[in-house]
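Open the model in your viewer and keep the selection tool ready. The tour goes from the overall fold to helix pairs, then to a pocket.

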Amino acid sequence: GSSVLDRGEALGEIAERFLNTVMGSPSMALFRVVVAESSRFPDLADIFYRAGPAVAIANLAAFLRELDEAGALKVADATASARLFYAMLRGDLYLRRLLGLASEPAAGAIDAVVDEVISAFLKAHAPA
């Protein structure tokens with residue numbers, strides 16, 4: 001079976017890749033442009049969402065369904081849990097970076113967010 005360590009490691013890698021991507025300068029710049037132009041170009045926002053966030057949520061939801069079926073986690077609604085996972089990652093560190101109040105975070109800062117989120121996520125989805 002899948003141990004807590006395995007689940008945590010796999011989810012941790014997903015979380016780390018996500019944060020390193022979205023908090024990088026190119027992603028931040030693109031996201032700011034999409035937000036700034038979304039009222040004038042709603043199609044741009046839709047394409048951005050479908051190509052990025054929607055894909056990430058669908059992929060994670062599929063993985064969470066596998067973990068649920070294997071009894072490794074208890075996941076009642078995989079899509080809702082995937083959205084929650086990414087929402088927790090986009091916390092204070094992400095917001096400060098988006099607002100230009102913080103430069104690209106050090107690896108240690110990302111690791112701390114990942115550890116916090118994975119811990120809470122595993123607790124919330126612990127099998128009975």
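Start with the whole chain in cartoon. Along the sequence, the protein follows the pattern α-α-α-α-α-α-α. That is seven helices and zero strands. Helices (H or I, at least four residues) and strands (E, at least two) are DSSP runs, numbered from the N terminus. Along its principal axes, the C-alpha trace spans about 50 × 35 × 15 Å.

This is a predicted model: local features need pLDDT of at least 70, side-chain atom pairs count only at pLDDT 80 or more, and totals for chains, interfaces and linings use all residues. Residues are numbered from 1 along each chain as its sequence is written, and side-chain values use heavy atoms, with hydrogens and water left out.

**First stop: α2 and α3**

Select residues 25-37 for α2 and 42-51 for α3. Their axes come within 8 Å and cross at roughly 140°. Axes here are lines fitted to C-alpha atoms, for helices over the stretch in contact, and angles run from 0 to 180 degrees between N-to-C directions. α2 and α3 are therefore oblique to each other. Angles under 35 degrees count as roughly parallel, over 145 as roughly antiparallel, 65 to 115 as roughly perpendicular, and the rest as oblique. The α2 and α3 crossing is left-handed (the near helix is turned anticlockwise from the far one by less than a right angle; clockwise is right-handed).

Now show side chains. Leu30, Phe31, Val34 and Glu37 of α2 meet Leu44, Ala45 and Phe48 of α3. Contact means heavy atoms within 4.5 Å. The residues of this contact divide into six nonpolar, no polar and one charged. Ala, Val, Leu, Ile, Met, Phe, Trp, Tyr, Cys and Pro count as nonpolar, Asp, Glu, Lys and Arg as charged, and the others, Gly among them, as polar.

**Second stop: α4 and α5**

Move on to α4, residues 53-69, and α5, residues 78-89. α4 and α5 pack at about 120°, with their axes 8 Å apart. That makes α4 oblique to α5. Their crossing is right-handed. On α4, pick Ala56, Ile57, Leu60, Ala61, Leu64 and Arg65; on α5, pick Ala78, Thr79, Ser81, Ala82, Arg83, Phe85 and Tyr86. The contact holds nine nonpolar, two polar and two charged residues.

α5 passes α7 in a right-handed crossing. Ser81, Phe85, Met88 and Leu89 of α5 touch Val113, Val117, Ile118, Ala120 and Phe121 of α7. Eight residues of this contact are nonpolar, one is polar and none is charged.

**Last stop: the largest pocket**

Which residues are the closest to the centre of the largest pocket? Select Phe18, Val22, Gly52, Pro53 and Arg90, out of 19 lining residues. The largest pocket has a volume of about 550 Å³. On a 1 Å grid over the protein atoms alone, a pocket is an open set of points where a 1.4 Å probe fits, with protein on both sides within 12 Å along at least five of seven lines; lining residues have an atom within 4 Å of a point. Grid points are joined across faces, edges and corners, and a volume is the space filled by probe spheres set on the points.

Color the lining by element. α1, α2, α3, α4 and α5 each give two or more residues. The largest share, five residues, comes from α1. By class, the lining has 13 nonpolar, three polar and three charged residues.
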